[in-house]
Amino acid sequence: MGQLQHVQDESVRKILSDVDGLTEEVVDEVVSGYFEDAKDQKLLEKKGWTINVSAYVISKAALNAYTRILAKKFPSISANAITPGFLATAFTSFQGTYTVEEGARGPVRLALLPEGGPSGQYFFMMEQSTF
């Protein structure tokens with residue numbers, strides 16, 4: 001849900017897509033702007049946000065943007081974002097399509113990558129994906 005394709009506000013999607021222009025301050029401004037918009041549901045609707053999941057989407061998209069910033073700022077470390085998939089846990093009322101064990105494979109794999117592995121990337125489970 002944190003992929004940019006799920007960000008309904010086109011201007012926010014454009015800002016978070018600009019890898020070269022991403023800074024902590026820029027991401028903070030995006031999140032603060034969303035927070036202000038969220039105080040007025042009519043404004044959220046006007047900007048095209050899906051009311052029931054928009055906070056989750058923007059928080060995950062911001063986290064992904066910070067991953068890119070970290071990768072750029074600290075090139076000697078591997079900083080990647082990953083989603084384990086829709087897991088069958090209490091958080092999802094056990095309705096997820098993947099087991100916890102299946103979801104853990106990707107994060108463990110990334111944690112064990114040798115030096116020089118990918119950085120500043122987004123992964124869906126075990127596969128590299130797009131932000």
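Trainee: Which residues of α4 do Val12, Leu16 and Ser17 in α1 meet?

Mentor: Happy to walk you through this one; bear in mind that the model is predicted. The contact of α1 with α4 has five nonpolar, one polar and one charged residues by class. On the α1 side sit Val12, Leu16 and Ser17, and their partners in α4 are Ile58, Ala61, Ala65 and Arg68.

Trainee: How do α1 and α4 lie relative to each other, roughly parallel or roughly perpendicular?

Mentor: Two packed helices are described by the angle between their axes and the distance between the axes. Here helix α1 (residues 10-17) packs with α4 at an angle of about 20 degrees, and their axes are 10 Å apart. Angles under 35 degrees count as roughly parallel, so α1 and α4 are roughly parallel.

Trainee: And what is the handedness of the crossing of α1 and α4?

Mentor: Good follow-up! Their axes pack at an angle of about 20 degrees. The crossing of α1 and α4 is left-handed.

Trainee: How much space lies in the largest cavity?

Mentor: Searching the whole structure turns up one cavity of 30 Å³ or more. Its lining has five nonpolar, two polar and one charged residues. The space in the largest cavity is about 40 Å³.

Trainee: Which helix gives the largest share of the lining of the largest cavity?

Mentor: Start with the lining residues: Gly2, Leu4, Leu16, Ala61, Asn64, Ala65, Arg68 and Phe131. Leu16 in α1 and Ala61, Ala65 and Arg68 in α4 also take part in the helix contact. Four lining residues, the largest share, come from residues 54-73, which is helix α4.

Notes
Residues numbered from 1 in each chain as written. Predicted model: local features only at pLDDT ≥ 70, side-chain atom pairs only at ≥ 80, totals over all residues. Heavy atoms only, no water. 1 Å grid on protein atoms, 1.4 Å probe; cavity = no way out; pocket = protein on both sides within 12 Å on 5 of 7 lines; lining within 4 Å. Points joined across faces, edges and corners; volume = space filled by probe spheres on them. Helix = DSSP H or I, 4+ residues; strand = E, 2+ residues; numbered from the N terminus. Nonpolar A, V, L, I, M, F, W, Y, C, P; charged D, E, K, R; others polar. Axes fitted to C-alpha atoms, helices over the stretch in contact; angles between N-to-C directions. Parallel < 35°, antiparallel > 145°, perpendicular 65-115°, else oblique. Left-handed = near helix turned anticlockwise from the far one by under 90°. Contact = heavy atoms within 4.5 Å.
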